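Here are my notes on this one, written for a colleague who likes to check things atom by atom. Have the viewer open while you read.

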Amino acid sequence: MSEKHLVYCRIERAGAVLLLRRAPGVFLAGRWELPGGGIEPGEAPEQAAIREVAEETGLRIEITAERSAHSWMDVAGRPLRIHARVFDGSESGSAPVLLNPEEHDDHAWCTPEEAAALDLAEHFRDAVAKTI
């Protein structure tokens, strides 16, 4: 069985967490998620999270803590185990979010109450709702 390692980042601004909506035509289109993605060979998870946030949002962050870790079998039924780590990220400044349209078509800064109405995977919902 293969394994895939992913990283995501919880970025909070004025009490709201940044969420991105997956673009039409991509896997899980229309679902909301934290910024993140795959770890490249030889890349540290924290560096992957910083890189993914920059690629997907244009934001510059630093990692302040590891929030949680999750594992599950691939939702498409492939013989693949997914491992995801969620980090807390801190912005340097408050730059505008600049989405990569090949991956995401919208973003929102959501409170836990607002995020409850969105189509979010449970590990993202937990990351939005819980403060450390």
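Predicted model: local features only at pLDDT ≥ 70, side-chain atom pairs only at ≥ 80, totals over all residues.

1. Start with the inside. The largest nonpolar core has 17 residues, and those with the most contacts inside it are Y8, L19, L34, A115, L120, F124 and V128. Strand 1 (2-13), strand 2, strand 6 (80-91) and helix 3 (122-129) each give this core at least two residues. Strand 6 has the largest share, with 4 residues. There is also another core lying apart from it, made of 8 residues, including I11, V53, L59 and I61. As background, nonpolar side chains in soluble globular proteins tend to be buried together.

2. Setting aside neighbours within four places in sequence, V128 is in contact with R10, V17, L19, L34, C110, T111, P112 and A115.

3. Now look at helix 3 as a whole. Which of its residues are buried? They are H123, F124, A127 and V128. Viewed down the axis of helix 3, the buried residues fall within an arc of 135°, so they line one face of the helix.

4. Beyond its neighbours within four places in sequence, H123 is in contact with H70 and W72.

5. On to charges: a search of the whole structure turns up 13 salt bridges. One of them pairs E40 with R51, with the closest N and O atoms 3.6 Å apart. E40 sits in the loop between strand 4 (36-38) and helix 1 (45-57) while R51 is in helix 1, so the pair ties together parts that are 11 residues apart in sequence. E40 is partly exposed at 42% relative accessible area, whereas R51 is buried at 17%.

6. R51 also meets E52 in a salt bridge (3.1 Å, N to O), and both residues are buried. Elsewhere, the side chains of R78 and D74 form a salt bridge at 2.7 Å, N to O. Shared partners join E40, E43, R51, E52 and E55 into one salt-bridge network.

7. F27, L28 and V75 make a nonpolar surface patch of about 280 Å². F27 lies in the loop between strand 2 (16-22) and strand 3 (32-33), and is partly exposed with a relative accessible area of 45%.

Definitions and conventions
Residues numbered from 1 in each chain as written. Heavy atoms only, no water. Patch = residues over 30% accessible without salt bridge, like charges linked within 9 Å, V, L, I, M, F, W, Y side chains within 5 Å. Areas by Shrake-Rupley, 256 points an atom, 1.4 Å probe, with all protein chains shown as cover. Salt bridge = Lys/Arg side-chain N within 4 Å of Asp/Glu carboxyl O. Buried < 20%, exposed > 50% of the residue type's maximum accessible area, 1.4 Å probe, protein only. Core = buried A, V, L, I, M, F, W, Y, C linked by side-chain atoms within 4.5 Å. Contact = heavy atoms within 4.5 Å. Arc of directions from axis to C-beta.
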